[in-house]
Amino acid sequence: MNLSHTARSAVLTALLSATALAVPAAPAQAAPLPPACQEALLETLDKFPVVDFTVPDKAKNTMLAEVLGLSEADQQVFTEQACAAWNNWASANGQAVAADLDTRYRDAAGPVCNKFAKSSLATIKKYAPKVPAETRDLEKLAKRIWTDSMEKLAANATNADCRNAYTAAKAGW
């Protein structure tokens with residue numbers, strides 16, 4: 001399976017948990033993923049059935065660019081053991097995480113960028129300590145993708161509320 005083929009489905013996953021999966025580099029550099037990682041990328045979003053939580057297009061695009069730029073060294077964190085641990089955790093906890101995201105999203109003040117940043121960060125902080133230890137390298141990668149994305153979003157935001165939300169989200173994890 002070519003990793004860039006599943007890139008778009010993995011972007012929201014990075015927002016759902018501290019150990020969320022990201023997709024390695026461009027097709028020429030991408031190596032086949034272990035079976036558990038393929039499952040994670042294809043099925044994780046289904047395990048987190050959010051209703052109201054929304055990722056702004058600018059955030060999706062920024063995170064996707066970060067994900068597609070991952071180095072071969074970054075790709076090494078996608079191990080069978082780490083992805084299997086993620087799959088088990090996501091299956092057991094996805095409903096609760098999704099409910100938390102939706103509640104926090106509904107309760108956060110607009111605009112959408114603020115609702116997204118605040119609800120994502122709060123949910124990540126709540127659930128990250130509960131994710132299996134086998135996924136810690138995935139968590140470090142997801143955190144770097146998140147931080148770099150929030151930094152770029154803050155730098156390019158034309159709306160002061162969005163700039164502040166992304167700056168706070170970058171520093172908050």
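Before I show anything, let me say that rings of Phe, Tyr and Trp (for Trp, its six-membered ring) pair if their centres lie within 6.5 Å, and that planes under 30 degrees apart count as stacked, over 60 as edge-to-face and the rest as tilted. What we have here is a predicted model, in which local features need pLDDT of at least 70 and side-chain atom pairs count only at pLDDT 80 or more, while totals for chains, interfaces and linings use all residues. Residues are numbered from 1 along each chain as its sequence is written, and side-chain values use heavy atoms, with hydrogens and water left out.

Searching the whole structure gives six aromatic pairs. In one of them, F53 and Y105 have ring centres 5.9 Å apart and planes at 75°, so this pair is edge-to-face. F53 sits in the loop between α2 (35-47) and α3 (57-68), and Y105, 52 residues apart from it, in helix α5 (residues 80-107), where helices are DSSP runs of H or I with at least four residues, numbered from the N terminus.

Next come F116 and W146, a tilted pair with 5.9 Å centre to centre and 50° between the planes. Because F116 lies in helix α6 (residues 112-127) and W146 in helix α7 (residues 136-156), the pair ties together parts that are 30 residues apart in sequence. F116 is buried, at a relative accessible area of 0%, where buried means under 20%, exposed over 50% and partly exposed in between, with a 1.4 Å probe and protein chains only.

Finally, ring pairs join F48, W86, W89 and Y127 into a cluster.

Terms used. Helix = DSSP H or I, 4+ residues; strand = E, 2+ residues; numbered from the N terminus.
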